[in-house]
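Have the fold in view as you read.

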Amino acid sequence: MSMLRSFVANYRTRVDPYLLAAGGALVLLGTLAIYSATEFPDSARAGFFARHLFALPLGIAAMLVVMALPLRALEDLSWILYGGAVVLLIAVLLIGMEVYGARRWLGYGPARIQPSEIAKLIVVLTLARYLVGARRDLSRVSTLATAFGIALLPMLLVLKEPDLGTSGAFAFASLGMIFWAGLPWLHLFLLLSGGLSLLLCRLPVLFAVYLIGSTVTLWKVRVSWLLIAGFMAVQLLVFFGAPAIYDRLEPYQQMRLKTFQNPELDPAGGGYQILQSKIAIGSGKFWGKGPLQGTQKALAFLPQQHTDFIFSAVGEEVGFIGCLATVILFVLLISRGFHLALHCRSAFTGLVAVGVSCLFLYHAGVNIAMTVGLLPVTGLPLPFVSYGGSFLVSSFAMLGLLFNISAHRFDY
């Protein structure tokens, strides 16, 4: 009992209060949103709220366990945990449960887990340990290749499931951590340049301007001609190879890209989700229709209203003011995570705080942008707000890790 009192007293006085307030408010918002999105007359999702209430204590327990773990132990065990995560991801591909054409879960009957959610956090721990070990020189190609390789293996396994949205979380968090660890701006640009060319592949004039401007800039900063030639070759390869990349996508992924550019192209099919999402958010106006009063939701026009599109349900029922409050809570949560990273005496815990904050930023940013039509539909849930057992537990675990870092940020 005395140990428990000491644990509570320690965290009560040392945990960032803004971080605690933002996390608690998002949990409360998610609970109310899931109740509103599932518990109404004639709902086909009745009972989901009870499952959410069952997952809540599991998530809180995961958070408390992570808070109690010594950060040194997590650093020492990171490679062992990484190996276990890879084994679980391989097991998913071999014996995993298939739902809606995707093989992402392990389990039996109603009990199941999504190993990719566990793997995200473990990759953050492992990459942080690698980056702080032996003062890694991030200007070396071998160091960068190893760092990205740590994230690439689980990322490819998740992509194979297929789960494009979650696989992107590995890349985003890893890039953020590597940049924070000291990756030069020039190297960051070169790493992102292929993605920029891919975005411009349907705009030849803008691509030409980008390629010429980038080449001239590299020449002015005295980059070697060999590197400039390699840069141009990669950009041209991406630009002319984009059609082949598109052809290798799954049919539903191709349709998502088409309907992202023009949802009206298939209003009853691929464009249906984003059109209904925009209608739901727009119909909420400033104050919303009121709790439990959303017609898009109640009439089942809004797809996946309790998971991927729950932000749309929030917009319909509590309007612009509710959406703004949700965004502010995520901004507060994420900014406090980066604030922690700036004030950690330990390089390892600082990088872990960056990685966790990047994961929250990726999920919140992509989900909200998706619901308002700024990004293609990716099937990515909103932390603490969307329904989902494994994702909720992993979100609590990430929050617990930030609490742990906050309480021990001055430890070395």
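Predicted model: local features only at pLDDT ≥ 70, side-chain atom pairs only at ≥ 80, totals over all residues.

Residues are numbered from 1 along each chain as its sequence is written, and side-chain values use heavy atoms, with hydrogens and water left out.

**Helix 8 and helix 9**
- Helix 8 (residues 185-199) packs on helix 9 (residues 204-220) at an angle of about 165°, and their axes lie 12 Å apart (axes are lines fitted to C-alpha atoms, for helices over the stretch in contact, and angles run from 0 to 180 degrees between N-to-C directions).
- That makes the pair roughly antiparallel (the label for angles over 145 degrees).
- On the helix 8 side, the contact (heavy atoms within 4.5 Å) uses Leu 186, Phe 189, Leu 190, Ser 193, Leu 196 and Ser 197.
- Helix 9 brings Phe 207, Tyr 210, Ser 214 and Leu 218 to this contact.

**Helix 5 and helix 7**
- Helix 5 (residues 115-132) and helix 7 (residues 164-180) pack at about 20°, with axes 10 Å apart.
- That makes helix 5 roughly parallel to helix 7 (angles under 35 degrees).
- Helix 5 meets helix 7 through residues including Val 123, Val 124, Leu 127 and Leu 131.
- Among the helix 7 partners are Ala 169, Phe 170, Met 177 and Ile 178.

How values were computed
Helix = DSSP H or I, 4+ residues; strand = E, 2+ residues; numbered from the N terminus. Parallel < 35°, antiparallel > 145°, perpendicular 65-115°, else oblique.
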